[in-house]
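I opened the notebook to look up aromatic pairs and nonpolar cores. The entries follow in the order I made them.

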Amino acid sequence: MAEPVHILITGGAGQVGLELQAANWPEDVVIHAPTRAEMDLGDITSVKAAFAQTPFAAVINSGAYTAVDKAEDEIATAFSANAIGPAVLAEVTRKAGVPLIQVSTDYVFDGAKETLYIEDDPVGPLGVYGASKLAGELAVRSGNPRSVVLRTAWVLSVHRSNFLKTMLRLAADRPTLRVVEDQHGCPTSARDIAETLKTITLKMIADTDAPTGIYHFVNAGETSWAGLAQQIFTFSAATGGPSATVEGIPSVDYPTPAQRPSNSRLSTEKLTRDYAIAPRPWQMAVSEIITELHAEGTPA
């Protein structure tokens, strides 16, 4: 019998973390997803103790402080989770000689570009959340050469709180919803992100020369928040679920503490080239999530 391959997942309670734990891993893989009480990313002693106890073959950091608006006031908290935590993991994984895969975000960009963002485009976060995630990227890439930073965007799933579930919940009470129409991006399934992370991680474990660096992963295609809402309601109505009329509005009519990039569209060509991962259309991913929510009887 083959020796077990231990993989550490941080952020196990989040959308991507839950999907990583539910993924179909090879039989010899053992997934570890400790709670914060069991392993505190902000405490290097705690992380070192976890590594001393288990010979991890790789680490996937899907944990993050993701309260974009609250981050504008909770700067230290955001940077502790999104920058210090990855720095701790980078140090410990480099010393252990194992790969680190870090999940990041489209919010590292300012959204001013008119075409798809590629990995080498200049960064310029508009708020604290994006800045803290960028700091985490820098810590990972400078701290562990055997690392991959996977940027994604507009994450949706049956789990936790996200735009899709919010729309369905609001539609149950309101016939019309006003949704921003001048921010464009790529809705992305947390399950598809998890599958991508799995592919990258297993490749990096098996091949010490596997590609490293920054990559983008989002589902194929693009839309606005208003366009996404309309598609959500189209799919929901087809299952007998809640639906509403969508009224598109400009961002200035929906002010938030943190400014969002108007263009969050990410190119995935590099990932397809280096890891042979070809994202499916976002509409297919959204339909799957709504179907699953309907089957569970929990539309929001």
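I took a nonpolar core to be a set of buried Ala, Val, Leu, Ile, Met, Phe, Trp, Tyr and Cys residues joined through side-chain atoms within 4.5 Å, with buried meaning under 20% relative accessible area (1.4 Å probe, protein chains only). The model is predicted: local features need pLDDT of at least 70 and side-chain atom pairs 80 or more, while totals for chains, interfaces and linings use all residues. Residues are numbered from 1 along each chain as its sequence is written, and side-chain values use heavy atoms, without hydrogens and water.

Cores. I found 32 residues in the largest nonpolar core, and F163, L164, M167, V179, L228, I232 and F233 have the most contacts inside it. I also noted a second, separate core of 25 residues, with W25, A194, L197 and L271 among them.

Aromatic pairs. I counted ring centres within 6.5 Å as a pair (Phe, Tyr and the six-membered ring of Trp), stacked if the planes are under 30 degrees apart, edge-to-face if over 60 and tilted for the rest. My search of the whole structure gave six aromatic pairs. F109 and Y117 are stacked, because their ring centres are 4.1 Å apart and their planes at 15 degrees. Both F109 and Y117 are buried. I logged Y215 and Y275 as edge-to-face, at 5.6 Å centre to centre and 85 degrees between the planes. Y215 is buried at 0% relative accessibility, and Y275 is buried at 8%.

Conventions: Buried means under 20% relative accessible area, exposed over 50%, partly exposed in between (1.4 Å probe, protein chains only).
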